[in-house]
Number of protein chains: 2
Amino acid sequence: MTVTARGRGRPARHSLDELLALVVQEFNARGYDATSMEDLARATGLTKSSIYNHVSGKEELLRLAVARAVDALFAVLDEPVAGPAVDRLEHVVRRSADVLADQLPYVTLLLRVRGNTEAERWALERRREFDRRLSALVRAAIDEGDVRADLDPRLVSRLLFGMVNGVVEWYRPGTHSASDVGDGIVALAFEGLRR
Amino acid sequence: MTVTARGRGRPARHSLDELLALVVQEFNARGYDATSMEDLARATGLTKSSIYNHVSGKEELLRLAVARAVDALFAVLDEPVAGPAVDRLEHVVRRSADVLADQLPYVTLLLRVRGNTEAERWALERRREFDRRLSALVRAAIDEGDVRADLDPRLVSRLLFGMVNGVVEWYRPGTHSASDVGDGIVALAFEGLRR
């Protein structure tokens, strides 16, 4: 899809990817609820009607944006890993950190949805489903005897994802590499800090 | 301080503590920026002028509310712990989880400030100072040989606090006890999950 921007000279044109990138920036800066179609028009340099030519409104833009993060995270769950559940768990944790670094604004948006609209409730449900899949993996790793059995699997999966999700608060490309972050999370969570 | 509410019968009265509790709930539900003095009057059952009798406006209410979380977190840093830096670090992590559970709405607000006002910038600076103190403790524990030396202390302190802070997203009194959460964080972070 290409969207033509208003303006006097050559019209600016955005691919859907470029449009979404600008929209997500705006949602993250203002908050989704507080962002109007006027704000999106200003941020993208498009008229409202040219945006409406391609999407039904800001809720569809939200859904397209969070779907990008959701799809990338669920793809990680399906990556084949040979070996026991603990290795799959470690893989999911490390690769989720990669996705977060790679799709930072989209994951940030996903983590901030509040549930006021259908698109947000869908995103929250996908987050819960991801959490269930991760808890099941923790449980499997405990059952196989590779993960300590004295912690509640739900608590473990929440803490793991607290640590991964918290990265959106401070990660900026260039400070640490995504693989340093992923390695750090895995080292801390699976081996522990104490020597 | 006692604030008298409007109303026909006996005027409702709030202590400053009760007033803050209602205000923080409103800030967390709407976002600080989006909350007006009208919203706060509605939420507290007070007139705007009776609120203005006691504070200069919503920014002072924000400052009072985040100060509560900040003071509780900094008090943890000053709690005396005999022993090596790694034990002090473990203590700070566990006790921060207690503070979070105990002061959940205030810590939630602290973690959501954005920096648009003086009070918010002060809160962000206190968060950075806490982060520096925690990083220094990680560095000391590495220097004493008790914490693995292959991870950047800044990364470690950010991951530890990502895990602690992430708890505000899901913790509700009654699901887990605060001490289960603190113990889980310490077990995961210091000993690791792998058996």
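**Entry 1: chain A against chain B**

I looked for salt bridges first, taking a side-chain nitrogen of Lys or Arg within 4 Å of a carboxyl oxygen of Asp or Glu. In one salt bridge, the side chains of R194(A) and E90(B) meet at 2.6 Å, N to O.

This is a predicted model; local features need pLDDT of at least 70, side-chain atom pairs count only at pLDDT 80 or more, and totals for chains, interfaces and linings use all residues. Residues are numbered from 1 along each chain as its sequence is written, chains are lettered from A in the order written, and side-chain values use heavy atoms, without hydrogens and water.

I then counted polar contacts (a pair of N or O atoms within 3.5 Å; within protein, one able to donate a hydrogen and the other to accept it, with residues adjacent in sequence counting only if both atoms are side-chain atoms). Between chain A and chain B, 26 residue pairs qualify, both at pLDDT 80 or more.

Contact here means heavy atoms within 4.5 Å. R148(A), L193(A) and R194(A) supply 22% of the area that chain A buries against chain B.

**Entry 2: symmetry**

I superposed the copies by least squares on C-alpha atoms of residues with pLDDT of at least 70 in both. A rotation of 180° with 0.0 Å of shift along its axis puts chain A on chain B, RMSD 0.0 Å. The two copies are thus related as by a two-fold rotation axis. They meet through the same surface, because 100% of the interface residues of chain A are also interface residues in chain B.

**Entry 3: inside chain A**

Chain A has domain 1 (2-55) and domain 2 (60-191), with bounds from an automatic or database domain assignment. Their C-alpha centres lie 29 Å apart. The contact takes 14 residues from domain 1 and 15 residues from domain 2. I found one salt bridge across this interface. D17(A) and R68(A) meet in a salt bridge at 2.8 Å, N to O.

Technical notes
Buried area = accessible area lost by both parts, 1.4 Å probe.
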